Every structure is written in structure tokens, then in C-alpha cells.
Amino acid sequence: MDFSSHYKFMKEAFKVAETALAVREVPVGCVMVYEDQIIAKAFNQTNLTLNGTKHAEFEAYDQIRAKYPTSYEQVLRKTTLYVTVEPCIMCASLLRQLEIQTVVFGCPNERFGGNGSIFAINKDDLLNRPYQSIPGVLSKQAVMLLRKFYLLENSKSPASIGKKNRRLEQNEFPPIEYRKYLTKSEFESLFGKKFGFVYDNNLFLEFDDDGTVVNETPSKKLKTR
């Protein structure tokens, strides 16, 4: 699949995540794509349902089982998941058991990530078929959605006290250590060899509106100043 298509579907996942934020739910959204068509859309519903297992990936899986009751296993093996935040360990395990084809995610999940941040469940050689995980697509935007959510006041949470005085940080973002998720050759095969410096320096991927990577080398930036 052309990477511009990955970008397009990730943008759709962000629309779902924004819907979650609008109802004061954790803004993690996903879409599942089979044969270039979105077959499921879902967002986290852990707060709405008070059920800790209601992650976006599980919600999307339930939709696919309902839509393809006799063939969902075959469908999922040819499906790509686009999700705004790296799947947690629980969701990564589900995806591995389902033998999903590919996962594309926005920002790393530094506390519970199951695709490389904490555990690399997607490629553990002791399990069944591994799946490729592509990190860093619209990472900053994913972080911003989470920050907006955590600034919301929750009358049921003691941690909400004092949130009125907090400000939305828009300039500082944690770097992405690509080596946790991909080898350099894998990264270059996805984004192009000329963008190997992004991998080496843990830079954020930058895209134009068509989904083309547009990062400039540090030397080029210096020459234009």
C-alpha cells in the first residue's frame, strides 16, 4: 500500500479519537481497513462504560465479528489497524492472536505499550504469526489529543483539583525511539532511504497534506537560514 493511503486512514482514526474527546472519553481512536475499505471504527469507552477492557481495538474487533460472523478470522489476517496511540499490552496480545496484518500508530504508549515501548508482543518469536507495527504517524497530534483530555475536569476524580490552572503544552514532545519498533532498514523501506536521518536522530515524521514525508535534513535547514 502506498504510504499516502496509510496517512489518509490515520487521519480517519483521528476523527474517531476527536469524537471520543468530545464526549470526555480517553481520545484513542482507530479504524480497521480491509481491501482498502474501512470496515470498523471505534474509540476507547473505558470511562463511558466503567469497563477497563473497552479499548478501541476491542470495540473494533467486536464490530468485525458482527459484520463477518463466519469469516472474521480470514478478514483480520488481511486487515490493517490504524490507531492514534500504540496498542497496550492487552490489545497487542489480542491483535497477535487474531494474526492481524499490520498496525500503524501515532504516538508511543510509554507506560503500557505492547508494540515495542514496553514489550514487543507483535514480533515475539515464541508466538504465532507476527505483525508489522509502524510508529510515529501524526505522533504530535496524538499527544495533543491526550493532553487536551487530561486537562478536562472530572468531578469524580480527586486528581481534577487544580486543573484549571494548568496550561496546554504545545511545544515540547517526547522523542520517538524508532529502534524500539523497527530496524533502520525497515524504516527506510517504508519512508525512503533519504529519511534515514529521521530514524538516527529520533525526529518526528513530518507530512504534507497528501501524506508525503517532507522532513528536511539538518544541513538543508541550516542552508536556508
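Predicted model: local features only at pLDDT ≥ 70, side-chain atom pairs only at ≥ 80, totals over all residues.
The strands include an open sheet with 5 members, arranged in the order E2-E1-E3-E4-E5 and with mixed pairing. Strand E2 (37–43) and strand E5 (132–134) form the edges, each pairing on one side only. On average, and with direction ignored, neighbouring strands of this sheet are turned by 20° against each other.

Both kinds of pairing can be followed in individual strand pairs. E1 and E2 run antiparallel and are joined by 6 bridges. Cys-30 has Ala-42 in E2 as its bridge partner. The two strands, E1 and E2, form a hairpin with 2 residues between them. In the turn of this hairpin, Glu-35 has a positive phi of about 50°. Strand E3 (residues 79–85) and strand E4 (residues 102–107), by contrast, run parallel, and 5 bridges join them. In this pair, Thr-102 of E4 is the bridge partner of Thr-80.

Helix H1 (residues 3–22) packs on the sheet and touches strand E1 (29–34) as well as E2, E3, E4 and E5. The direction of H1 makes about 140° with that of E1.

H1 also packs against H6, at an angle of about 5° and with the two axes 10 Å apart. Because angles under 35 degrees count as roughly parallel, H1 is roughly parallel to H6. On the H1 side the contact is made by Phe-14, Ala-17, Glu-18 and Leu-21, and on the H6 side by Gln-141, Ala-142, Leu-145, Lys-148 and Phe-149. By class, the residues of this contact of H1 with H6 comprise 6 nonpolar, 1 polar and 2 charged.

A further helix pair consists of helix H3 (residues 56–67) and helix H5 (residues 89–98), which pack at an angle of about 30° with their axes 9 Å apart. Glu-57, Phe-58 and Tyr-61 of H3 meet Met-90, Cys-91, Leu-94, Leu-95 and Leu-98 of H5. The contact of H3 with H5 divides into 7 nonpolar residues, no polar residues and 1 charged residue.

The volume of the largest pocket is about 660 Å³. Its lining consists of 25 residues, of which Val-85, Asn-109, Phe-112, Leu-146 and Tyr-150 are the closest to the centre of the pocket. Helix H6 (residues 139–151) gives the most to this lining, with 5 residues. The lining of the largest pocket contains 15 nonpolar, 5 polar and 5 charged residues.

Note on methods. Residues numbered from 1 in each chain as written. Heavy atoms only, no water. Pairing = 2+ DSSP bridges. Helix = DSSP H or I, 4+ residues; strand = E, 2+ residues; numbered from the N terminus. Axes fitted to C-alpha atoms, helices over the stretch in contact; angles between N-to-C directions. Contact = heavy atoms within 4.5 Å. 1 Å grid on protein atoms, 1.4 Å probe; cavity = no way out; pocket = protein on both sides within 12 Å on 5 of 7 lines; lining within 4 Å. Points joined across faces, edges and corners; volume = space filled by probe spheres on them. Nonpolar A, V, L, I, M, F, W, Y, C, P; charged D, E, K, R; others polar. Parallel < 35°, antiparallel > 145°, perpendicular 65-115°, else oblique.
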